[in-house]
Amino acid sequence: MDDKRRLILDQALALVDERGLAAMSMRAVAERVGLTSMALYPYVGGKDALLDGLVDLLHLELGTAVGDDLADIDWRRRLRALARAVRSLAHAHPSAFPLLLNRSAAGASASWLTAALRAILLDAGVPDRAVPRLARMICAFLLGYTTGEVTGGLPVVEWAGQPGDADFEADVEDLLALVERAVCTPERAG
């Protein structure tokens with residue numbers, strides 16, 4: 001991603017963080033970077049392409065948060081780390097985060113989450129034919145839960161004194177058990 005495009009996307013994300021997705025327009029982003037609306041088009045295309053760029057940027061941020069040095073870590077710890085990173089990203093960018101659930105993956109980094117989940121599942125020993133299904137299920141949970149949490153669409157139940165935290169961690173442990181079950185009973189996983 002070139003520097004000018006990255007600056008524009010960073011400013012668009014900051015605008016969405018400050019004022020919400022509805023406030024993002026080509027004009028508002030252009031004002032933040034000191035350009036005219038027309039001058040944005042060579043870098044980010046139209047508004048739809050700008051939204052796709054935000055999806056790409058969020059995936060890049062997620063990949064950076066999780067890090068590259070996870071290959072030597074047990075798959076269970078990697079899945080927990082990934083789940084927590086998705087949740088942290090949702091809380092860092094609550095207005096933009098629903099784009100990950102509502103828009104198709106756009107750029108090269110947008111498939112990062114799916115690739116990370118597939119690698120975790122393969123390392124866990126999940127049969128090849130079951131990996132896509134489990135990756136979709138886990139991705140749907142992570143994106144759906146966290147989107148619902150930050151948009152208010154998911155009721156928060158206080159348990160053990162921590163609203164939402166304990167529920168999220170318990171659900172992640174259930175996902176781990178589901179993966180383990182897929183490894184132990186591969187005929188049911190496919």
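This is a predicted model: local features need pLDDT of at least 70, side-chain atom pairs count only at pLDDT 80 or more; totals for chains, interfaces and linings use all residues.
1. Of the chain's 190 residues, 41% count as buried.

2. A word on the overall layout. The protein chain has 10 helices and 2 strands, and along the sequence they run α-α-α-α-α-α-α-α-β-β-α-α. If you take the contacts between residues at least 6 apart in sequence, 70% of them join residues at least 24 apart.

3. The largest nonpolar core has 58 residues, and Met24, Leu50 and Val126 have the most contacts inside it. Helix α8, residues 131-151, gives the most to this core, with 9 residues. As general background, nonpolar side chains tend to be buried together in soluble globular proteins.

4. Leaving aside neighbours within four places in sequence, its contacts are Ile8, Leu9, Ala12, Met24, Met26, Val29 and Val44. Two of the names in that list, Met26 and Val29, are also buried residues of helix α2.

5. Helix α2 spans residues 26-33, and Met26, Ala28, Val29, Ala30 and Val33 are buried in it. The cover over these buried residues includes α1 (3-19), α3 (37-44) and α4. After α2 comes glycine 34, with a positive phi near 75°.

6. Helix α5 deserves a look of its own. Its 18 residues, 75-92, reach 25 Å from the first C-alpha to the last, close to the 26 Å expected at 1.5 Å a residue. At its start, a side-chain oxygen of aspartate 74 comes to within 3.0 Å of the backbone nitrogen of arginine 76.

7. Which residues of α5 are buried? They are Trp75, Arg78, Leu79, Leu82, Ala83, Ala85, Val86, Arg87, Leu89 and Ala90; note that the list includes the arginines Arg78 and Arg87. The partners these buried residues pack against are α4 (47-66), α6 (98-102), α7 (112-124), α8 and α9 (165-184). When reading such lists, recall that an α-helix has 3.6 residues a turn, so residues three or four places apart point the same way.

8. Finally, leucine 60, which sits in helix α4. Leucine 60 counts as partly exposed because its relative accessibility is 31%, between the 20% and 50% cut-offs. From leucine 60 to serine 111 the C-alpha to C-alpha distance is 9.9 Å, although they are 51 residues apart in sequence.

Notes:
Residues are numbered from 1 along each chain as its sequence is written. Side-chain values use heavy atoms; hydrogens and water are left out. Helices (H or I, at least four residues) and strands (E, at least two) are DSSP runs, numbered from the N terminus. Buried means under 20% relative accessible area, exposed over 50%, partly exposed in between (1.4 Å probe, protein chains only). Contact means heavy atoms within 4.5 Å. A nonpolar core is a set of buried Ala, Val, Leu, Ile, Met, Phe, Trp, Tyr and Cys residues joined through side-chain atoms within 4.5 Å. The expected span of a helix is 1.5 Å times one less than its number of residues. A polar contact is a pair of N or O atoms within 3.5 Å; within protein, one must be able to donate a hydrogen and the other to accept it, and residues adjacent in sequence count only if both atoms are side-chain atoms.
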